[in-house]
Structures are given as C-alpha cells and as structure tokens.
Amino acid sequence: NEKEANKMVKAYKCFKSDLSDANGKYEIGKTYHVDILPYLKYNSAFAHTSPDDAMSQALDRGFDCIYKVELFGDEIIYKNKKSGVVAESFKIVKEVDYMAKSVNADYYYKPRYIAFAITRGQVTVDDILKDKPLLKQNPTIQKAIAKQNIEKYNDILAEHTDINYSVMQALIETRNEKYINKWFNSGNDYALYCIAKLNIKKYNDILINSDNWRILEAIAESTDNVEYLTKLSNYSQINVRFAVIKTACKLNLVSLLDKFVTSQYKADRSTLAQYTTDEKYFDILVTDEDPLVRAIVAEKGIEKYLDILINDDSNVVLNHIIATGNQKYIGEIIKKDIFKEDSYLRANIAGLGIDKYCQMLINDKSKVVRCAIISLGIKKYLDIYVNSDNTFDREEVAEVASTNNYTEYLDKLVYDSHCMVRKLVAESGNPKYLDILVNDEDASVRANVARIAGLTNQVKYLDILSKDKSRDVRDAVLYYADDDY
C-alpha cells in the first residue's frame, strides 16, 4: 500500500440504487468512517481512482450506480497499482454523469455508461435512438431500454429474430404476459428459467414438472409455495435441494428444516448450517459427524457453540474458529499441540493482522506462515522480511512491493542476489527498475522485462531486448509485443 499522509483524494465508489452497500446506507454530503483493515487483509478496494474500474466492479457485483466521493484522513492507502484506494473517512459528492463519461470511453465501457445513464434517468430512450435505431444498438443498451418497459420499443425487441438472451430476460422480467407467453411456448430452456424466477403460479404449476434442474432451482429460489418446496425437497440434483433449504430458512418452514437437519447428505446439513439462524438446529449440528458442518456452526461466532467446538480435534473446525477473530478462543488454540504441528492454523492466525500474533509468528519456520504476514502489506513487518536470509521471504516482499509500488523495498530488491526476486521487481512495470533490469545478467530476468514491457507498451525496452544475445529473451519480445511492433 502506497500511503499519502494528510491528503484528500477524489475517487469513484459503487452503490445500490438506494445509496447503500454491504456496510450500510449513506447520504450525499455526509462524512462516514471506514474500517480500513478488511480492505488491507483481502487486498480489495473501497473505492476506485478511475470510473472505468468502478464500472467494472459495479457490473461484477450488481451495483446500480457510481458516485464521486472524497476520501480523507491521516492516511490515503492505494491498492493494486493505484487502481483502488481506501482511507479512514469518505464523503459522497454526486453521481457520475454517465453520458459525459461515455464520450471518450472505449468500445467496452461506452455502451455500459450509456446503459447506466438510461437506467438512472440521466437520458431518455428517445434521445439515445436519435443517432442509431433500436435494433442497431449494443445489446447492453437494448437491455437497459427494455427495463424501461416502454411497450412500443419492447415490441420491436421481442420480434427481433436474433435477440440477445440478456435482452430477452429483461423483457420477461417486465412481467408483461405478451412477452412471457411468447417465450413460455418457445421451448427455450433459458427463457423458461427466467419465467420460473418470476414466481407466477400459472406458469410454475406447469414448470414444476420440468426435467431441467435449473428451472426447478429457479422455482425453489423464488417461490413461497410450500407444496412446490416439499416436492422439490426430494429432488436428486443437489442444487435444487440447496435452493429449497435456503428458501425454507428464509420462510422458516419448520417441517422442511426438521427434515434436512437429519438428512443423510452432509451437503444438505452444511447448507442448513450456513443459512439458518435458528439455534434449535445449531444445537444439533454442533455435534454433526462431518467436520465441515461443525466448522460452519463455528464460523457463526456464537460463544456457547465455540465453547464446545474449541475442544474439537479437526483443524477444519479450528480454522473456522480462528476466522471469527475471537481472541478468547484463538488464545486457547495457541496452547494446543496442533498449533505447533499445523502451519495453516498458524498462517490463518497471522492473516488476521493482529499485531501480537504477527509478532509471535514473524520468525515462524513455515514459509506459509511468513507469507501470510508478508501478504498483509504492513510495512513494519516488511521492514524485517526485506532483509531476510530466506530467498522465499524476499520473493514475497518483492511481489507485494511490485503490486503496490512500495519503492522503498523495490529500491533494495532490484539488486537482490536471487534472479527470482529481481524478476518480481520487474513486475512493478516501473521504468526506474526496468532501466536497471533490462541489462540484468540473468536471461530469465531480461525475458520478464520483455514481457512486462510488451504488456505495458514500453517500447524502449523492447527495442533493446530485441537485439539480446539470448534467444529466449528475443522470443519474449516477439511474443509479448504488439502485432504492429
């Protein structure tokens, strides 16, 4: 993490349509505190320095909108070569002007910005269609138009013989029976799957007899019909039963849950353990014969069950206890013989980023444990490992430093005695280090410089290495350089 002290940065953050995310709901103009540690631990971004990166996250994780935000605090921490950023506080400023962003966007992002502009009401469908007719529009834009439920346009899309499946789904999701009936009678399994998800009884009364397990899974996920769920609870395909259990947990259908808690299939019991909140079932599953089921109970973090499971001899269970972060039980695990024997237990404790455990394990004999500490990216630990006699430790530091452009470590490791460390320094793509490594004595390092130069379009290194004495290096230039080179 590259840190900047006492600065404010502008960034982009994704939200649901009601200005919420997994951590809560927000208002424009207000300032909110951020818990930084999870973002360091999981190498994830709280916000993004570019709108394109924010758009990628919105599409991947189902967010509906992107807002400009201001991040500030004692430290601004950048992640993933400065594409991500996190700080102690943030303030929401205003929503992105998607049409403005679309003007200079590439072929991938342009239709997605336009689609967001449509769904967020920043532009009308009529305005979009002034320049290009509906059926010539990108499917992403057609899908956004379909969601506006304007019948004159949706009728055109529905009659299109080469309709994109995502557009078809959007039309079905309007719940207009004209479109539902069209595809219900088509025999198209994906269309039937989309219809099943609507939970309309007259269609599901027929679809419940389908032999396509994905359609049955869709019914189980969306229905509140106990008759359907009871029938599907006996289905042989595991995904259908999983869906039944999830829905039964949500609806608290005791008759079905009582059945699954004693199921012969451990997957059914583990799914129940994962989705129920009823301690009646935890009371049974805490002593289940399968360690994964017990582990899922452990990860709930409920102390009366942890008091039982702390005596479990399964490292799977103990690892899930560690994941709760409850130091009362971690302290008990440290006293066990298995703690000394199982490097993955120690690594998981180290990976929590709690200083007293990291200090205890910093010289651990297992590289798995040391890697867990290095991967935290915390500089006081990296200051130790960068000088390690163990090549593996320095390789891990080089990887973390290259990913996050920690120049204070790269400045040292670029001259490391081991070629693998120097290769990992090259991964930073920083010209400061490529200027040195392009003349490295080891051909594998120079070949990696060629790879990075090709991927980042740094032509001057390709020019040098195209004349390299090593054929492997010259081949790397040819392989990674643009076709026009």
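Angles under 35 degrees count as roughly parallel, over 145 as roughly antiparallel, 65 to 115 as roughly perpendicular and the rest as oblique. The model is predicted: local features need pLDDT of at least 70, side-chain atom pairs count only at pLDDT 80 or more, and totals for chains, interfaces and linings use all residues. Residues are numbered from 1 along each chain as its sequence is written, and side-chain values use heavy atoms, with hydrogens and water left out.

**View A. Packing of helices H16 and H18.** Helix H16 (residues 266-275) packs against helix H18 (residues 291-298) at an angle of about 0°, with the axes 9 Å apart; the two are therefore roughly parallel. Lys266, Arg269, Ser270, Ala273 and Gln274 of H16 meet Val293, Ile296 and Val297 of H18, contact meaning heavy atoms within 4.5 Å.

**View B. Packing of helices H12 and H14.** The axes of helix H12 (residues 213-222) and helix H14 (residues 238-251) come within 8 Å and cross at roughly 5°, which makes H12 roughly parallel to H14. Among the residues in this contact are Trp213 and Leu216 of H12 and Val240 and Ala243 of H14.

View C. Six of the eight residues of helix H25 (residues 367-374) are buried, so H25 is largely enclosed by the rest of the structure; buried means under 20% relative accessible area, exposed over 50% and partly exposed in between (1.4 Å probe, protein chains only). The buried residues are Val369, Arg370, Cys371, Ala372, Ile373 and Ile374. Their cover includes helices H23 (343-350), H24 (355-361), H26 (379-385) and H27 (391-404).

Notes:
Axes fitted to C-alpha atoms, helices over the stretch in contact; angles between N-to-C directions. Helix = DSSP H or I, 4+ residues; strand = E, 2+ residues; numbered from the N terminus.
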